[in-house]
Amino acid sequence: MKKSKLIIDKHFIIDKVDRHIYGSFVEQLGRAVYEGIYQPDSPFANELGLREDVMKLVSELNVPIVRYPGGNFVSGFKWEDSIGPKDQRPYRVEEAWSTIESNQFGLNEFIEWCNKANTEPMMAVNLGTRGVSDAKNILEYCNFKGGTYWSDLRKKHGYENPHDIKVWCLGNEMDGDWQIGSKTAYEYGRIANETAKVMKMIDPDLQLVACGSSGRGMPTFGEWEMKVLELSYDNVDFISLHSYYGNQANDTADFLANTMDMDDYISSVIAICDAVKAKKKSKKQIKLSFDEWNVWYHTLESDEKLEKWIHAPHRLEDIYNFEDALLVGSMMITLLKHCDRIKMACLAQLVNVIAPIMTSDTGAWRQTIFYPFFYTSNYANGTVLNTLVKSPKYDSKNYTDVPYLDAVVVQNDEKDEVVLLAVNKDLEEDMEVTCDMRQFEGYDVKKHVVLYHSDLKAVNTEEKPNNVVPALISGASIDQGIFNVVLKKHSWNVVILGKV
Ligand code: AHR
């Protein structure tokens, strides 16, 4: 059995966790909305057509903010199509995903859904085919108190009080050549700045997210962030990061090592933000919004063959296996380790489309990746401790010196708890982990939950929804202040320590 050691000091902190890092994303894509969160003819729907069974699972996940309506979708979106009487809303060709959009679910329905699901909207404006003026109009419709054309139209539609949406994305993945209305860094930086400027004239308290590169692998990466921030620094608050990983090569050790890439990506974006800050001699610090992250690859090939121009097709419906859940758990640890700069993040996405929650006409169920998200969102709250991980390492196809143990410790003062999140990436051996906890007098092990399956490719389906589920495990202890736990080979773990 390999051995690892964690070194923590309760005074040596990274930062407080901003709960917005446990956000998610609902795009007007595939069955995320239709048959996902909205299905008026479903036996699970409430009077608004919103699926209550899905809402229950969303509230289990404890998601504080949800990004909408895209994604690639937003770059062709005419938001006015999605408001007012439903029978007057137009059907449109939706070019981003080659579908037909009925607009039966739109802006106001999303706000209703957020209110019921106890979450906050993170609205994106279209900077692909549209620009400053439309961003101003949608903001006026949503947030202005009344007495103007757009705010009075909102009232006429039945919403007397402003929606008061505080967080807005300035477009989506604008450097991607697949994006409708994609732009150069200069073109985007200018329009993002002007849009942000006008939006903040209306409401200076808004939090605005500028698009970073669509991914670290983009040829534009780095230069893009630099130029966009140079042009918009004073008016934007966040820069976005997007990352999806896959295991097409069926090389699990390498797949699980992808958090090395995610970690470098985050550090690089922080460096660029701070370089622009230094150049501008600014006192302001740009925050990071990791507003698309997940595993995505199972359906990439099969989706190519989907029929085009239909409404709500089964698109991007990745069925996640157990090893995907290990990587998702590890990605959440990576986000937490950077919680001093990452103040917003969205698991992409929430329902049916590359999602932790799946639906059919007869029910909703939890995918494997549901569980690490559930536990991290519900238990990893408070202050992240700078967690020194002394672990044996391995080399994989694309990475060197990958620690077998990925771990972070979060101190929750409110509950008087310390929470350890840990992934043992060793595919062959269990691992013994120790940590000196003498600073935490009177603490003992309250609970150790493990997500483990002998088959890395095991999945949950509607027929077998409980194939991969977490289990309580005993054996962890604190003896004379020294914490000791054995982590099963290829497992995700949460250990809750506190006064028992
Ligand atoms: O989440 C699916 C898609 O991935 C989004 O629409 C886009 O922003 C990204 O490329």
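# Close-up views of a predicted model

**View 1. An open sheet of seven strands runs in the order 2-15-19-20-26-22-23, with antiparallel pairing.** The model shown here and in the views that follow is predicted. At the edges of this sheet lie strand 2 (13–16) and strand 23 (471–472), each of which pairs on one side only. Strand 2 is joined to strand 15 (residues 383–385) by three bridges, and the two are antiparallel.

**View 2. Leu-427 sits in the loop between strand 20 (417–424) and strand 21 (431–436).** The relative accessible area of Leu-427 is 23%, so this residue counts as partly exposed. The limit for a buried residue is under 20%. Lys-446 is 19 residues from Leu-427 along the chain, and the C-alpha atoms of the two are separated by 27 Å.

**View 3. Strand 4 (residues 65–68) is covered on both faces.** Ile-65 and Arg-67 are on one side of strand 4, Val-66 and Tyr-68 are on the other, and all of these residues are buried. In a regular strand, side chains alternate between the two faces of the sheet.

**View 4. Strand 4 pairs in the parallel sense with strand 3 (residues 23–25).** Two bridges connect these strands. Ser-24 stands opposite Val-66 of strand 4. Between strand 3 and strand 4 the chain passes through helix 1 (residues 52–61), which makes a right-handed β-α-β crossover.

**View 5. Strand 4 also runs parallel to strand 7 (residues 120–125).** The two strands are joined by four bridges. Here Tyr-68 is found opposite Met-123 of strand 7. Tyr-68 is one of the buried residues of strand 4.

**View 6. The ligand is surrounded by 13 residues.** The closest of them are Glu-27, Asn-72, Glu-173, Tyr-244 and Glu-292. For Glu-27, an N or O atom of the side chain is 2.6 Å from an oxygen atom of the ligand. The side chain of Asn-172 has an N or O atom at 3.0 Å from an oxygen atom of the ligand. On its own the ligand has 280 Å² of accessible area, and the protein covers 95% of this.

**View 7. Asn-143 belongs to helix 3 (residues 132–143).** With a relative accessible area of 14%, Asn-143 is buried. This follows because buried means under 20% relative accessible area. A polar atom in the side chain of Asn-143 lies 3.1 Å from the backbone nitrogen of Asp-164.

**View 8. The whole protein, for orientation, has eleven helices and 26 strands.** Its radius of gyration is 23 Å, close to the 23 Å given by the globule rule for 500 residues, so the protein is as compact as a globular protein of that length. Taken along the principal axes, the C-alpha atoms fill a box of roughly 70 × 60 × 45 Å. Of the 500 residues, 60% count as buried.

How values were computed: Residues are numbered from 1 along each chain as its sequence is written. This is a predicted model: local features need pLDDT of at least 70, side-chain atom pairs count only at pLDDT 80 or more; totals for chains, interfaces and linings use all residues. Side-chain values use heavy atoms; hydrogens and water are left out. Buried means under 20% relative accessible area, exposed over 50%, partly exposed in between (1.4 Å probe, protein chains only). Two strands pair if DSSP finds at least two bridges between them. A crossover is right-handed if, with the strands pointing away from the viewer, the path from the first strand over the helix to the second runs clockwise. A residue is near a molecule or strand if one of its heavy atoms lies within 4 Å of it. A polar contact is a pair of N or O atoms within 3.5 Å; within protein, one must be able to donate a hydrogen and the other to accept it, and residues adjacent in sequence count only if both atoms are side-chain atoms. Accessible areas come from the Shrake-Rupley method with a 1.4 Å probe; for residues, only the protein chains shown count as cover. The radius of gyration is taken over C-alpha atoms; the globule rule is 2.2 Å times the number of residues to the power 0.38.
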